[in-house]
Amino acid sequence: MADGDKPRVGGKTGGDVDQAIWPPVDAFAAGLGGRCPRCGEGRLFSGFLSVGAECSNCRLDYGFADAGDGPAVFVILIIGFLVVGLALWMEVSMGPPLWVHFLLWIPLTLILSLTALRLIKGLLIALQYRNKAAEGKLDR
Ligand SMILES: [Zn+2]
């Protein structure tokens with residue numbers, strides 16, 4: 001492989017500007033797969049929900065990644081809507097005893113929430129990278 005084929009990696013000398021040239025990566029595929037938003041190869045997470053220090057493939061510094069409360073909000077709204085809707089539907093149509101509700105909805109809520117939390121956090125970080133979203137700064 002010739003040197004010209006390899007993507008150029010921008011060093012930290014460029015300040016906050018990301019100067020690396022990489023082919024565009026689908027933010028949804030990379031984010032939902034927990035992959036690096038720049039190269040789409042390296043792992044984004046070092047733990048279940050903790051973001052690593054940098055990409056193992058392209059050395060992208062993950063210091064910019066801050067999804068904040070975003071993933072939790074989406075999980076509450078989406079999973080809450082789903083589980084409460086299903087629980088209400090089951091109560092109205094079948095009227096099962098209370099222990100059936102507990103047995104069904106508590107484990108389902110936990111599994112769906114934890115799964116969705118990781119997916120949505122990866123997606124939000126990938127979208128944050130693609131759209132260059134960051135905290136506002138004043139130029140003085
Ligand atoms: Zn990478």
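Student: As what does F74 count: buried, exposed or partly exposed?
Tutor: The model is predicted: local features need pLDDT of at least 70, side-chain atom pairs count only at pLDDT 80 or more, and totals for chains, interfaces and linings use all residues. Residues are numbered from 1 along each chain as its sequence is written. A residue is buried if 20 or more other C-beta atoms (placed from the backbone) lie within 10 Å of its own, exposed if 12 or fewer do, and partly exposed in between. F74 has 18 C-beta neighbours inside 10 Å, so F74 counts as partly exposed.

Student: In which helix is F74 found?
Tutor: Helices (H or I, at least four residues) and strands (E, at least two) are DSSP runs, numbered from the N terminus. The protein has 3 helices and 0 strands, in the pattern α-α-α along the sequence. F74 is found in helix α2.

Student: What separates the C-alpha atoms of F74 and A116?
Tutor: F74 is in α2, and A116 is among the α3 residues that meet α2. Along the chain, F74 and A116 are 42 residues apart. The separation of their C-alpha atoms is 8.7 Å.

Student: At what angle do α2 and α3 pack?
Tutor: Two packed helices are described by the angle between their axes and the distance between the axes. Axes are lines fitted to C-alpha atoms, for helices over the stretch in contact, and angles run from 0 to 180 degrees between N-to-C directions. The axes of α2 (residues 70–93) and α3 (residues 98–130) are 9 Å apart, and the angle is about 150°.

Student: Which orientation does that give α2 relative to α3: roughly parallel or roughly antiparallel?
Tutor: Angles under 35 degrees count as roughly parallel, over 145 as roughly antiparallel, 65 to 115 as roughly perpendicular and the rest as oblique. The angle here is about 150°. That makes the orientation of α2 to α3 roughly antiparallel.

Student: How many nonpolar residues does the contact of α2 with α3 have?
Tutor: Two residues are in contact if their C-beta atoms, placed from the backbone, lie within 7 Å. Residues of α2 including F74, V75 and I78 meet residues of α3 including W105, L108 and L112. Ala, Val, Leu, Ile, Met, Phe, Trp, Tyr, Cys and Pro count as nonpolar, Asp, Glu, Lys and Arg as charged, and the others, Gly among them, as polar. Besides 4 polar and 1 charged residues, the nonpolar count is 14.

Student: Which helices do the buried residues of α3 pack against?
Tutor: The buried residues of α3 are I120, K121, G122, L123, L124, I125, A126, Q128 and Y129. By contrast, L114 is found in α3 and is partly exposed, with 14 other C-beta atoms within 10 Å. The buried residues of α3 pack against α1 (27–32) and α2.

Student: How far does α3 reach from its first C-alpha to its last?
Tutor: The expected span of a helix is 1.5 Å times one less than its number of residues. With 33 residues, α3 is expected to span 48 Å, and its reach is close to that, at 46 Å.

Student: What is the phi of R59, which is not a glycine?
Tutor: Most residues other than glycine have a negative phi. R59 is in the loop between α1 and α2 and is partly exposed, with 16 other C-beta atoms within 10 Å. Its phi is positive, about 65°.
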